[in-house]
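Please examine the structure shown below, together with its sequence. The paragraphs that follow lead through it step by step.

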Amino acid sequence: MPHKRLSGWGRTAWTVADVVSASDPHTISRALDDVGPRGAIARGLGRSYGAAAQNAGGTVIEITSESDHEGADITFSPETGIIDVASSVSLDAILRFSVPRGWFVPVTPGTRFVTVGGAIASDVHGKNHHVDGSFGQHVRSMTVLLSSGEVVELSPENNPAWFWATVGGMGLTGIVLRAQVALL
């Protein structure tokens, strides 16, 4: 694993970690098998404030897209307004996909260059949080890879305690692989 120097969005508190880039659950799971005592944490586009996804001296798994083809990791149902996306998809990519179709992301933080996985892990909010709540309130379900290698499906109805622990849990319950989010 290559060592890489990492920081958060503010470019302060730089650290060094072993970094693995992975897009599929098998590669991510293999990376989890080979971590040291500092453990592992997932990282998307590195837009977290502070040192949320750095893990100094440990392993950082950079979740990447399975395809560079725009929209490849996005499926959408215009009947329900539900978008199904890989956790590595940015809110920017969703906006570029959804706005021409008349739909919008329900909660947009200060930057649209965050991943869906990061938006869930941080339970981001926007200027409309007093009306529409935080990002997690619009997540209908998610697929999460646990440190054991088990993949679980979580929703407010299916494993609600784990679902709500994952929303805002900063990646400590597992790694979000996919999510279904209701658009406006």
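Phe76, Phe97 and Trp103 form one aromatic cluster. Rings of Phe, Tyr and Trp (its six-membered ring) pair if their centres lie within 6.5 Å; planes under 30 degrees apart count as stacked, over 60 as edge-to-face and the rest as tilted. The model is a predicted one, in which local features need pLDDT of at least 70 and side-chain atom pairs count only at pLDDT 80 or more, while totals for chains, interfaces and linings use all residues. Residues are numbered from 1 along each chain as its sequence is written, and side-chain values use heavy atoms, with hydrogens and water left out.

The structure holds three aromatic pairs. The ring centres of Phe76 and Trp103 are 5.4 Å apart and their planes stand at 70°, so this pair is edge-to-face. It links distant parts of the chain, since Phe76 belongs to strand β5 and Trp103 to the loop between α2 and α3 (116–122), 27 residues apart. Helices (H or I, at least four residues) and strands (E, at least two) are DSSP runs, numbered from the N terminus. Phe163 and Trp164 also form an edge-to-face pair, with 4.7 Å from centre to centre and 90° between the planes.

A charge may also sit over a ring, which requires NZ of Lys or CZ of Arg within 6 Å of the ring centre and within 35 degrees of the ring normal. The charged end of Arg101 sits over the ring of Phe97, 3.8 Å from its centre. Arg5 lies over the face of Trp14, at 4.3 Å from the ring centre.

Strand β5 leads on to the sheet. Five strands form an open sheet in the order β5-β6-β9-β7-β8, with antiparallel pairing; two strands pair if DSSP finds at least two bridges between them. At the edges stand β5 (74–77) and β8 (151–154), each with a single partner strand, so one side of each has no neighbour in the sheet. Strands β6 (residues 82–86) and β9 (residues 175–182) pair in the antiparallel sense over five bridges, and Ile83 stands opposite Val181 in β9.

Gln54 is buried, with a relative accessible area of 1%; buried means under 20%, exposed over 50% and partly exposed in between (1.4 Å probe, protein chains only). The side chain of Gln54 reaches the backbone oxygen of Ala13 at 2.9 Å, and a polar atom of that side chain lies 3.2 Å from the backbone oxygen of Leu6. Such polar contacts are pairs of N or O atoms within 3.5 Å; within protein, one must be able to donate a hydrogen and the other to accept it, and residues adjacent in sequence count only if both atoms are side-chain atoms.
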